[in-house]
Structure formats: C-alpha cells, structure tokens
Amino acid sequence: MISHAPEEGRTGDAARLHHPRGRLALGGLALFAATALLAGGCSSSAASEAGSPTPGAGSSHPISARPSATPRPTPSATPSLDAAVEQITDAQWSRMVAAGLWRKGCPDVRDRLRRVAMNYVGFDGKVHRGVLVVNTDVTASVIRIFTRLFEEGFPIRRMEPMEAYDGDLNASLRADNTSAFNCRRPDQINAPFKKSPHANGRAIDINPLENPWKDLRTKRWSPSAEYAARAEGKGKILKGGLVWRAFTEEGWVWQDIKVADYMHFDTGYPSAPFEEASTTAKPSTATPATPAR
C-alpha cells in the first residue's frame, strides 16, 4: 500500500497583529485638561507619557492613555522556501533499509545523506511541505535551485522520500512524485549501484508524469506517454526554461542518459563529490557512455 502523506506538516499562516485603540470620552478629556492646567509643575506631556489611565473626577468614564504614535509593524504575507537540513535519523534509516532503498552493494552514503524539508507550490497553487533526501555536498545547491522554483511559482505535484512508496520506483513515478536518493533495485536501474547518481543522492526526478523518460528495457514512455511531447505545459521541463536554467546554471546535467529522460537532473556520471566551484562551469553536453540513472 502506498502512503501519500508527507512527513512534514504544511506551514501555517503568519499570525495577524492587532493593536486596539483606546477611546477618549469627551467629557473626561475636557476635565483632564482643566486639571492639568491647575496642577503646578506638571506638564501635559508628562501626564501623557504616564502609561496608566487617569479617571476623570465626577465622571463614570475613565480616560485611556493616548495610543502610541509608533507605526504598526506590517507582517510579511510572502511565503518562503523555509528549508531545513537534517541528518538522517536512525528511525528513518531503518525505514529506508526496510523499503530496500539501501542494501549490501549500494554506496556507503548513510552518513552523507541529508533530509531537506522545504516548501513548494503545488498544482493547486497552494504551499505544501515536502522532503528530498540528497547528499550533503549538494544541499546548498538544491536549496538555491528550489528557492528559485518556489519564488517563480513552478508547480510540483508532490515531494516525498522513496520509503513512502516502499522503494518502488514505478509507484513513485505513477504518483508524479519528485524524489532524489534511491539505490534502486536491480530490475529498476540502468547504472551500476556504485556509479549511480540516484544511489549517491546526487540526482533528482521532477514531476515524472509531466516529464517522462523512455525506458531502455521496454522502449516505452514511463510512467506514461501522455505528456511526452515537449511543449509548454504546467509542471513541464523544457530546454531553456525556468527549471532547466535553475539546474544547469548550478552545474547540474539534464537528461544525463542516451534516451529522453525529461524528469532527470544529476551532477554527473559516474557520480562523484560535487564541489561548489563547479557551479560556475557550463554543464557537459557530452552523451554518457553508460546510462546514468
């Protein structure tokens, strides 16, 4: 059974600020002014600066202190990516191993994986909370990329770690799930485990339904051919478009494979440590000798 419940809750709305204004009773105000003039050595400004209300003699209405002239703060209603980077806990690692995301023969990356929780804009136009599991050496780059996508309003269907799908790549693709780390099962992989960008946490698949790939084994589009044509569309990735620019300007490679793989970005094949200095270099356009997924 596939769980589609995200591990992080959605962000709440910013709390509204409210400053009640004190009301001045006209009769009490006049009497207060007269009393101030009779009181020698007491200035009206000193009375005003005293914070406690002064009751008006002979009146049942108290005189409230004058409201401050300080401008009210205006809370920002603009949401942000609000990214949080955390180490993989023992509990999550146990779930990942149980789901088959890591096993003997996979890269020894447990201590290098990070959980990046962040906001994203959904297809419904609302802000949702999602998680990508990536290598620690790409976390800063991932946050910059997804900040750009968030601020531009690029829609993402869902963003859940692969254990939510029991490690089943096809189930994640069918759910249109954006994901990263997964040392894929032998029947779901093209690249050797040790060299695979996904198995090393340095690859991301975005909106698989809108950006399918051509499976080398079946020669069919996966998860569906519905959006295989490259034309403008919601959630689609096009060469020269927003998502393509956001990744390639950071040094990532799009479709690092011999066949069409519109959902896929990685930092190179075979997977190697990603250095920030490489973000200034243009991405390679060479066709890899071995499929990189």
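Tutor: Just after H4, Gly 153 takes a positive phi of about 75°. This is a predicted model, in which local features need pLDDT of at least 70 and side-chain atom pairs count only at pLDDT 80 or more, whereas totals for chains, interfaces and linings use all residues. Residues are numbered from 1 along each chain as its sequence is written, and side-chain values use heavy atoms, with hydrogens and water left out.

Helices (H or I, at least four residues) and strands (E, at least two) are DSSP runs, numbered from the N terminus, and the chain has 6 helices and 12 strands.

The buried residues of H4 are Thr 139, Ser 141, Val 142, Ile 145, Phe 146, Leu 149 and Phe 150, where buried means under 20% relative accessible area, with a 1.4 Å probe and protein chains only. They lie on the same side of H4, because they cover an arc of only 165° around the axis, the arc being that of the directions from the helix axis to the C-beta atoms. These buried residues pack against strands S3 (84–87), S4 (113–121), S5 (127–135), S6 (158–159) and S8 (203–205), and against helix H6 (242–248).

Phe 146 shows this packing in detail: leaving aside neighbours within four places in sequence, Phe 146 is in contact (heavy atoms within 4.5 Å) with Leu 81, Met 118, Leu 132, Ile 156, Met 159, Ile 204, Ile 206 and Phe 247. Phe 146 also belongs to the largest nonpolar core, of 29 residues, where Leu 132, Val 142, Phe 146, Ile 204, Ile 206, Phe 247 and Trp 252 touch the most other members; such a core is a set of buried Ala, Val, Leu, Ile, Met, Phe, Trp, Tyr and Cys residues joined through side-chain atoms within 4.5 Å. S4, S5, H4 and H6 each supply at least two residues of this core, and H4 gives the most, with 5 residues. Apart from this core lies another, of 12 residues, among them Trp 93, Ala 99, Leu 101 and Phe 181. For the chain as a whole, buried residues make up 42% of the 293 residues.

Notes
Buried means under 20% relative accessible area, exposed over 50%, partly exposed in between (1.4 Å probe, protein chains only).
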